[in-house]
Amino acid sequence: MSTATSENPRTAELAVSGMTCASCVARVEKVLKRVPGVESVAVNLATEKATVHASAAVTDDQLVAAIAKAGYEAAPILPEAPPVAAPQAFDRELAAVLASAVLTLPLLAPMLGLALNPWLQLALASVVQFGFGARFYIGGWRAVRAFAGNMDLLVALGTSAAWGLSVYQMFMHGGMTEHLFFEASAVVITLVRFGKWLEARAKRQTTDAIRALNALRPDKARVRDRDDPAREREVALADVRIGDIAIVRPGERVPVDGIVREGRTHIDESLITGESLPVAKEPGARTTGGSINGEGVIAIETTAIGAETTLARIIRLVESAQAEKAPIQRLVDRVSAVFVPAILAIALVTLGGWLLHGADAETALLNAVAVLVIACPCALGLATPTAIMAGTGVAARQGILIKDAQALEQAHAIKIVAFDKTGTLTVGKPGLVAFDAAPGQDRDTALALAAAVQRMSEHPLAKAVVAAADGVARLDASAARAVAGRGVEANVGERRIAIGSARWLAELKLNVPPALAARAYELEAQGNTISWLIDNDAGVLALFAFGDTVKPTARAAIERLAGMGVASALVTGDNEGSARAVARALGIPSERVFAQTLPDDKARVVASLKNRGVVAMAGDGINDAPALAAADIGIAMASGTDVAIEAAGVTLMRGDPALVADAIDISRRTYRKIQQNLFWAFVYNLIGIPLAAFGLLDPMFAGAAMAFSSVSVVTNALLLRTWRAQAGAAEEARAGKPITRPA
């Protein structure tokens, strides 16, 4: 057991066993909240986990002891321990269900008109009742001892009443009566255990996302020896240190987060980012542990280990979202807290009511048993957490990380998304956005001359010019010379060609053709930077416009949001011209464009938009953090800064704005599943309890209906696993490259 020594608050996670319904959840939360120093508690029935936020003085021993007093068992979950399935226990549960069914089947013979010795019925039913039904007595006794109620108590009382009534009838009639109800108690126990097995099977599927992410962690890494770099050695992943050089061969899983120092390859990051195509990696590129190396051998310098790796952070985010409760669950908790006592009261009223109206004891007792059995609140406890687990899990596999259940639930109501511009809707790197030749100049020739000069440079803008000239005749340059603060010039054949600024153009006292001057004015008004292609003899040949380019998927993302009834706004620190140019390109109305905003101004703009409904802010920079925090929902691009990611409720693992619509879509689908599940969970009880009380529902059918209600709720939630994001299927959507042949 761990004991905290720091004065800082701590978060403890406990595995809780013995919980069977929403009432159990409410009981565990209640006793944990009574522990001095505990600030908040969230207990998840689907994951059987308790997440406790408390002061540092609160120890795991105290929390475990509190849960034990409530009648349940608990153990701390170690942070580094991955969730593992328990196949042996799972198989034993199935074997118990099958054995119980085999013993129960003969008890159905009297219902089919076949004779079965009452003493044999007693023997078979007793084995089922007290052998396979022992778990209900144990759970029920724990509840009684803690002055609480749960599903186990309801089942134990109901089936015991049916079994006891049958034994009474046997001895009252000398073992010759035909009016025995052993099959009712045995069938209920078998069906309830079968339902719990189906629930466990379905719940295990909801944790597939976490297991799949944990499976991405390789056990070992091949690293260069720190003392002898020429020697490679294989070490446990836990022994890798920051700065170590990891060698990754083709087909191997990348063991660490780091930077490629040697080699070139393509890496499949689909299981981490949701990106469908392998991503090219060369020296200087970042890698993520858990991705799969393609065709090349690469050497990676380790930059993050252990809990600080991208994969570990993803797992923490997904686990956090699945552990926390959605706001709608609070209503369920309040109902569950009084549910079992209310059902016990209804069962007693049913028993007394039938007796007062002249019914025999058998009829009155069976109807009361049916009330107890149909009312088990398993479905209520599973309705919300299973949907959240399925929704957050499938979202994570598609590159959408949802930090908590509140963000998931709230995102369904988003009415307006405020986008940052640079790095969110645009590439975030300057590129060539326009190339216009002067009147009388051949465009391809001018482009070839420009590329010849720029081919001598490693500057990103120079590379953009060279890329734009792909497909035109190649020319070679010589005697290149950079002119500080003005540009660069070189000899191309017999001509002296320069690329420079407007300042250089003025110093050379060169005239710009009117048409080209007008075009330059237009491009500058859009926030672009203008450079000029100059021939020392012929004058101005062409102009270049460099600026940030809109991501290829951005317009489709804005249009899709509009189709979903979600408006878009642009909030940027860039100048008015640049902001409005991007807004026009994307179809964002001018009244929803906010330019030249400082970080605090962004937060105020976001706050002002809240009068239109729930507001989301999508951004990637440090300057976006205040706005992300001010919004109802913050959506951060993982390509951005850690500060932005920490301030956001949703993180997009790819810098694709189309994922914003996908995040809202999965939120809406998950919220609908929660509503559907709660509707059916309540409907089963609202319809089933009156039917049972008025004698229209046999205890066996009540048991079947109760089991089916839980299974149907979990199965409905699992339908979310078929969801797929619509964003980023094409390679262009990933690359976000500027235009290659500017107009």
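Threonine 426 is buried, with a relative accessible area of 0%. That value falls below the 20% under which a residue counts as buried. The model is predicted, and the values in this report are computed from it.

**Threonine 426 and its sheet**

Threonine 426 belongs to strand S16, which covers residues 426–437. Beyond its neighbours within four places in sequence, threonine 426 is in contact with Lys421, Asp548, Thr549, Val550, Lys551 and Val582.

S16 is part of an open sheet of six strands, ordered S16-S21-S20-S19-S18-S17 and paired antiparallel. S16 and strand S17 (477–483) are the edge strands, each pairing on one side only. From one strand to the next, the twist averages 20°. In general, the strands of a sheet pair through backbone hydrogen bonds, in a parallel or an antiparallel arrangement.

The partner of S16 is strand S21 (residues 539–550); the two run antiparallel and are joined by eight bridges. Within this pairing, aspartate 436 stands opposite leucine 543 in S21. Helix H19 (residues 514–525) lies across S16, strand S20 (529–535) and S21, and runs at about 20° to S21.

**A three-stranded sheet**

Another open sheet has three strands in the order S10-S9-S12, again with antiparallel pairing. Its edge strands are strand S10 (279–281) and strand S12 (292–293), each of which pairs on one side only. Strand S9 (residues 265–268) pairs with S10 in the antiparallel sense over three bridges. Histidine 266 stands opposite alanine 280 in S10.

**Helix H16**

Helix H16 covers residues 443–454. The buried residues in H16 are Ala446, Leu447, Ala448, Leu449, Ala450, Ala451, Ala452, Val453 and Gln454. At the start of H16, a side-chain oxygen of aspartate 442 comes to within 3.4 Å of the backbone nitrogen of aspartate 444.

Most residues other than glycine have a negative phi. Alanine 479 has a phi near 55°, a positive value in a residue that is not glycine. Alanine 479 is found in strand S17. With 47% relative accessibility, alanine 479 counts as partly exposed, because that class lies between the 20% limit for buried and the 50% limit for exposed.

Lysine 509 is not a glycine either, and its phi is positive at about 55°. Lysine 509 sits in the loop between helix H18 (502–507) and H19, the helix that lies across S16, S20 and S21. The relative accessible area of lysine 509 is 73%, so this residue is exposed.

Lysine 69 is found in helix H2 (residues 60–69) and is exposed, with a relative accessible area of 68%. Lysine 69 and valine 31 are separated by 38 residues in sequence, while their C-alpha atoms are 8.3 Å apart in space.

**Annotated transmembrane regions**

An unreviewed UniProt entry lists residues 94–113, 119–138, 150–168, 180–198, 335–356, 368–396, 678–697 and 703–720 under "transmembrane region". The annotation comes from that record and may be inferred rather than shown by experiment.

| Span | Helix content | Strand content | Distance between end C-alpha atoms |
|---|---|---|---|
| Residues 119–138 | 95% helix | 0% strand | 26 Å |
| Residues 678–697 | 80% helix | 0% strand | 22 Å |

**The protein as a whole**

The protein has 27 helices and 26 strands. Of its 743 residues, 52% count as buried; threonine 426, at 0% relative accessible area, is one of the buried residues. Among contacts between residues at least 6 apart in sequence, 70% join residues at least 24 apart.

Definitions and conventions: Residues numbered from 1 in each chain as written. Heavy atoms only, no water. Helix = DSSP H or I, 4+ residues; strand = E, 2+ residues; numbered from the N terminus. Buried < 20%, exposed > 50% of the residue type's maximum accessible area, 1.4 Å probe, protein only. Contact = heavy atoms within 4.5 Å. Pairing = 2+ DSSP bridges. Axes fitted to C-alpha atoms, helices over the stretch in contact; angles between N-to-C directions. Expected span 1.5 Å × (residues − 1). Polar contact = N/O pair within 3.5 Å; in protein donor to acceptor, adjacent residues only side chain to side chain.
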